Every structure is written in structure tokens, then in C-alpha cells.
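Subject: Structure handover

Hello,

Please find the structure below. My notes on it come after.

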Amino acid sequence: MSDGIAALARFADAITLASLPSAVRERAALVLLDSLGVMIWGGQDSFLGQLRSRYSRAYSPGKATVIGTGDRFDPGLAALLNAAACTVTQLSEGHRRSRGDPGPHIVPAALAVAEVESASGEALLAAMVAGYEVAVRVGLALAPLHPDQHVHGHWASIGAAVATVKLLGGGARELQQAIEGTAALLIYAPTATVIEGTTVHHLYVGSGLQAAIGVGYGIQAGMTASIGTLEGYVSRRSGNSFDASKLAAGLDPANPTYEILNNYFKLYPVCAQVITAIEAVDELRRQIPDAGSVRAVTVRTTAAAATLCGGRDVRTTLASKFSIPCMVAARLLYPGQGPRELHAIDVEAEPLRAMMRRIAIVVDPTLSPPYPDARPVVVEVELNDGQLLVARKQIPVGDFSGNPIPSSDIVSKFSQLVE
């Protein structure tokens, strides 16, 4: 185990922008661009505006920018607010096989530290890739977490600490210490908050980043960590299985595997488990005369998707993003809505709630391949005239492991969000 972490630290230490393949450099730039767009748009949320206002009265100004605003705080607090701007919209990137969201953890931390330390753009991108590669491998080794534990603020925070140490000039020894030190401070947050739609959820990532950045600066000041924390403490409290071999997988110096190339970008502001259902409904909607002609809808999905996103007691914007019934109903009623309209959906509207009552969620164990190899879903729409429409989806558009999109689509998404 410690050998695997040491190998990860050496790998991260060796990463420079010049050493990376062109495809990795381009993907890192897209992750940065996409994250900036999501932060700028999400930062306009009224809840976050009130939060920034309160924080500005309590905390001294700092050197790190809250993206899309004129506010500056210390790097930990700026990273918290920028990460919250990602989770408030649920439009940021992720990594399906590790079942987590590296970008919203690593990019806000790396941006804040790079700004404070006057780092170059090249150093920023290299630190992001190093953090991403470490975080995903830790996530793969730990996956799946206990179902009641939300991934935000958890293992991806380790990638934020790695990016911080890289930007501060630390080497392999400091990177290994940062991995173990941050492992001691991970957030074990309940998944129930997103289903309920409570906004404390938006502090999960940022709380992990405050710890990660603090560890990074602390390690550079001589702070030490206990070797074995990830193996002896985190692995026993985070899930039912742990595969240490995945820590150093794909690190062959002659031909390394870069997991950032297996990321996904979202085109809808919802939990990733909802997207294939949206895409299936969109395919069928072209054959439906109007929403009033829909008698019943059955969504066949995996146990993972149904557990997290099968609820229909939706009372807040956040809860709507984690509800397959809510988003399926919205796509039937309001076809073609973009991210802005979906984000602002009126969850109390009676037409929406009436349509939700016609939607049944069924766990189908025959769907293959199961999550996380894909996000399979079958949507069946029964019309009033007896006609049955069926659509199947496996992997959402934007997932580079099986359904990639051109880089120009990410640039267009950025432009739309910033506008």
C-alpha cells in the first residue's frame, strides 16, 4: 500500500506540462475552461451571493479571486466558494469509473493557490493533471463508498492537496506526505442532503479543499503525516472493499495511462445518474404530439441510479437535480430547455408534479453493463392511444470513455455559460 502511494507521489512529481502528451494537455485545458464557465455561471446564484456577503463581513480580504465576482479571500475560502459555484448547478465535470468529481475539487484549489503564489499557466495545468491522476486512482481503489456517504469532500480532496504541493514546489516526499495528511482530514458527508435538497451540500467540496490546501502549506512548513492513514483508516471507513493495486495502475513511465482522458463533461445541470434518462426522453419526445397525450412512463434503471435519484419528493432546486422523475417530467413538459431553464425549474408547479405522478422508477438488474461501466437506462412512454414508445441509452453524451464530444462543444458550453 505505502509502495503504491509512493509510486503515485513519484509519478505526480515527474509531471510537467512539457512531459504530457498533447491530448492530455488539451483535456486539462478543457477541464480548466469548463470549470471556469461553470464557476462564473454558478457564482451568480443568489444563495452564494448571500454567503459571500456574510463571509466578507467575517473574514479579512485575501489574494485569491472568487471567480466571476470582485471578491477575494484566502485561498481556502476562495476555493470553497468556487467549488460551491460548481455544485450549486451540478454542471461540472466528473469521472465515471471512479464514481466521483475530480474537477470541482482540484480546479478551485489549484486556481486559488496558483493565483496567490503567482504561478505560471503551465505550472497550473501540470498541477491539475498531477492532482487528477492521483485523485482518480485513490477513488478507484476505494470505490464504491458506503451508499450513505457522499463523494464530495472525500477522496478527490487528496488531488487538491497534490496540486497545492506541486504549485508550492514540493517533491515526491512532500507529495506522499500530502496524500496521507489529507486522507486524515477527509469529509464523511451524508448523501441524504442532496436527495433532500439542503444547501449545506454546497460546503462539502469546499470544506475538503480548505483542509487540502492547509495540508499543502503545512507540509511545506515541515508538518508530517502518518504513513498508512489511507490504508489503515480511510479504507475501513469508506467502503466495503479496497483494491490497493489500483493506486499504481497505469504508471509505467514509458507508457503511462492518463485517467483525465476518461473524464466526462456535462451538458445538463443535473446529477450524472439522471442524464441518460433525459437523453432517452428527448429522443422519444419528438414522437409525442404533446405532454397531455402521455398516459404513463416507466424508467428502468440501475440500483445505483434509483437509490440516489429515484425520489419524487422534490421541494428545492438541488433536489430536482437528483430526481429522475422530476427531470423526466420536465423534459416531457418543456422540451428543448437549456441549462438556464432546467436550473430555474419551478419544482412546485402543478403540471410538473402531475406529470411526475405518472412516472414509475423500476430497478432492472438485467441492464448491462451495470454502473459504473455505463449508466444504462430504458424509458418506456405509454400514450393515451395505447402506443408504446421505447428508448435505450448507455453512456451520456460527453463521456469520453464511450460517448465523446468534440472540443468545440466544451468551448460553446463555456461561451453560453459566460454570456
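This is a predicted model: local features need pLDDT of at least 70, side-chain atom pairs count only at pLDDT 80 or more; totals for chains, interfaces and linings use all residues.

Residues are numbered from 1 along each chain as its sequence is written, and side-chain values use heavy atoms, with hydrogens and water left out.

Whole chain

The chain has 18 helices and eight strands; these are DSSP runs numbered from the N terminus, helices being H or I with at least four residues and strands E with at least two. Along the principal axes, the C-alpha atoms fill a box of roughly 70 × 45 × 40 Å. Of the 419 residues, 57% are buried (under 20% relative accessible area, with exposed over 50% and partly exposed in between; 1.4 Å probe, protein chains only). Counting contacts between residues at least 6 apart in sequence, 78% join residues at least 24 apart (contact means heavy atoms within 4.5 Å).

Pockets

A pocket here is an open set of points on a 1 Å grid over the protein atoms alone, where a 1.4 Å probe fits, with protein on both sides within 12 Å along at least five of seven lines; lining residues have an atom within 4 Å of a point. Points are joined across faces, edges and corners, and the volume is the space filled by probe spheres set on them.

The largest pocket holds about 730 Å³. It is lined by 35 residues, and Arg-99, Gln-149, Gln-273, Leu-308 and Tyr-371 are the closest to its centre. Helix H6 (121-142), strand E3 (149-150), helix H12 (272-285) and helix H13 (303-309) each supply at least two lining residues, with the largest share, four residues, coming from H13. By class, this lining has 16 nonpolar, 13 polar and six charged residues (nonpolar: Ala, Val, Leu, Ile, Met, Phe, Trp, Tyr, Cys and Pro; charged: Asp, Glu, Lys and Arg; polar: the others, Gly among them).

The second largest pocket holds about 230 Å³. Among its 13 lining residues, Pro-339, Ser-412, Lys-413, Gln-416 and Leu-417 lie nearest the centre. Helices H16 (339-343) and H18 (407-418) each give two or more residues to this lining, and H18 gives the most, with five. The classes are five nonpolar, three polar and five charged.

Local sites

His-105 sits in helix H5 (residues 102-116) and is buried, at 1% relative accessible area. A polar atom of its side chain lies 2.8 Å from the backbone oxygen of Asp-101. Beyond four places in sequence, the contacts of His-105 include Val-151, His-152, His-154, Val-205 and Leu-209.

Gly-76, in helix H4 (residues 75-87), is also buried, at 8%.

Helix H15 (residues 324-333) is mostly covered, with nine of its 10 residues buried; Met-327 and Arg-331 are among them. At the start of H15, a side-chain oxygen of Ser-323 comes within 3.1 Å of the backbone nitrogen of Cys-326.

Regards

Conventions:
A polar contact is a pair of N or O atoms within 3.5 Å; within protein, one must be able to donate a hydrogen and the other to accept it, and residues adjacent in sequence count only if both atoms are side-chain atoms.
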